[in-house]
Amino acid sequence: MSNLQLRTISAIVLAAAVLLLTWLGGLPFRMLTAAIALAIFYEWSRMSRPNSETGWAGGNLNMLPEVLILMFAGALVAGIPALALIILAAVFTLILWGLGKLRGAGAWEAAGFGYAALSGLSLALLRGNDASGLVAILFLFAVVWATDIFAYFVGRKVGGPKLAPAISPGKTRSGAVGGAVGGVVAGLLLANFAGTGNLFALAVIGLLLSVISQAGDLFESWVKRRHGYKDSGSLIPGHGGVMDRVDGLVAAAFALYVIGWMSGSADHPAQGLFPA
């Protein structure tokens with residue numbers, strides 16, 4: 001089987017599984033977000049810990065980071081209220097940061113924990129267990145996935161100046177613009193199909209999410225380059241690691257969660273964006 005065939009099959013299977021769990025919402029989706037948070041922390045640790053090929057070697061803080069991320073994942077699955085979840089993530093991150101300073105471990109453990117925790121809770125709280133949450137997540141998927149696809153094909157077809165050659169040599173400015181346009185159009189098509197109003201506001205949000213998703217992609221590329229890795233891992237056949245696939249998604253999810261919180265509530269952010 002060629003690498004292209006492997007990538008195609010794994011992408012279809014992964015997308016089908018994610019969409020099914022998204023449709024179900026509630027506990028199944030929270031379990032998915034907890035798994036994403038754990039995978040992100042595992043891959044971040046694997047890259048950032050010196051001489052660590054497993055990601056679960058404890059680093060300079062022994063097994064404390066692993067214990068804390070497992071505790072957070074359990075809280076995520078349990079569905080505790082949003083503010084309690086956010087406080088828990090903040091407290092655990094500060095603990096790792098403080099101990100990292102004391103033991104000379106630097107800030108990578110705390111940064112990895114915070115990145116993984118925000119990724120998981122943003123997705124989980126956006127989806128919730130209602131129709132608004134379903135539309136919000138599908139809108140997010142439409143914008144981010146279309147951004148990736150259009151950025152790739154427009155960049156290859158048009159070419160031109162590089163977007164950030166020192167971080168990700170393959171990305172072009174034309175691809176970034178094409179991705180942003182494609183993301184906005186896909187988001188509006190999804191919103192219109194779902195029967196939501198406020199299309200102008202959603203177009204602005206879609207553009208913002210597209211830009212942030214591309215920034216999230218560049219951030220993950222910088223982390224990998226900083227530690228000398230080409231892929232964040234090998235958990236997904238033909239695609240590398242989980243971080244390689246969700247870098248833009250989780251950045252945009254956090255942004256959409258904050259926007260939803262501002263217009264709705266911490267526990268039900270999607271209702272402020274897509275009223276049922």
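This is a predicted model: local features need pLDDT of at least 70, side-chain atom pairs count only at pLDDT 80 or more; totals for chains, interfaces and linings use all residues.

Me: At what angle do the axes of helix H2 and helix H5 cross?
Reply: Two packed helices are described by the angle between their axes and the distance between the axes. Helices here are DSSP runs (H or I, at least four residues), numbered from the N terminus. Axes are lines fitted to C-alpha atoms, for helices over the stretch in contact, and angles run from 0 to 180 degrees between N-to-C directions. In this model, H2 (residues 26–48) and H5 (residues 108–127) have axes that come within 9 Å and cross at roughly 160°. The two helices are therefore roughly antiparallel to each other; angles under 35 degrees count as roughly parallel, over 145 as roughly antiparallel, 65 to 115 as roughly perpendicular and the rest as oblique.

Me: Which residues of H2 and H5 make the contact?
Reply: Contact means heavy atoms within 4.5 Å. On the H2 side, the residues include Phe29, Ile36, Phe41 and Trp44. From H5, Trp108, Phe113, Tyr115 and Leu123 are among them. The residues of this H2 and H5 contact divide into 13 nonpolar, six polar and three charged. For those classes, Ala, Val, Leu, Ile, Met, Phe, Trp, Tyr, Cys and Pro count as nonpolar, Asp, Glu, Lys and Arg as charged, and the others, Gly among them, as polar.

Me: How do H8 and H9 cross, and with which handedness?
Reply: A crossing is left-handed if the near helix is turned anticlockwise from the far one by less than a right angle, and right-handed if clockwise. The axes of H8 and H9 come within 7 Å and cross at roughly 135°. That makes H8 oblique to H9. H8 passes H9 in a right-handed crossing. Leu209, Gly216, Asp217 and Glu220 of H8 are among the residues in contact, as are Asp247, Ala252, Ala255 and Leu256 of H9. By class, this contact of H8 with H9 has ten nonpolar, three polar and five charged residues.

Me: How many residues are in the largest nonpolar core?
Reply: A nonpolar core is a set of buried Ala, Val, Leu, Ile, Met, Phe, Trp, Tyr and Cys residues joined through side-chain atoms within 4.5 Å. Here the largest one has 65 residues, and those with the most contacts inside it are Phe72, Phe113, Leu140 and Leu209. Helix H9 (residues 242–263) gives the largest share of this core, eleven residues. Leaving aside neighbours within four places in sequence, leucine 209 is in contact with Phe139, Leu140, Val143, Ala252, Ala255 and Leu256.

Me: Is aspartate 247 buried or exposed?
Reply: Buried means under 20% relative accessible area, exposed over 50%, and partly exposed in between (1.4 Å probe, protein chains only). Aspartate 247 lies in helix H9 and is buried, with a relative accessible area of 6%. Its contacts, leaving aside neighbours within four places in sequence, are Tyr115, Gly216, Asp217 and Glu220.

Me: Where is asparagine 198 found?
Reply: Look in the loop between helix H7 (173–193) and H8. Asparagine 198 is exposed, with a relative accessible area of 61%. Its phi is near 55°, a positive value in a residue other than glycine.

Definitions and conventions
Residues are numbered from 1 along each chain as its sequence is written. Side-chain values use heavy atoms; hydrogens and water are left out.
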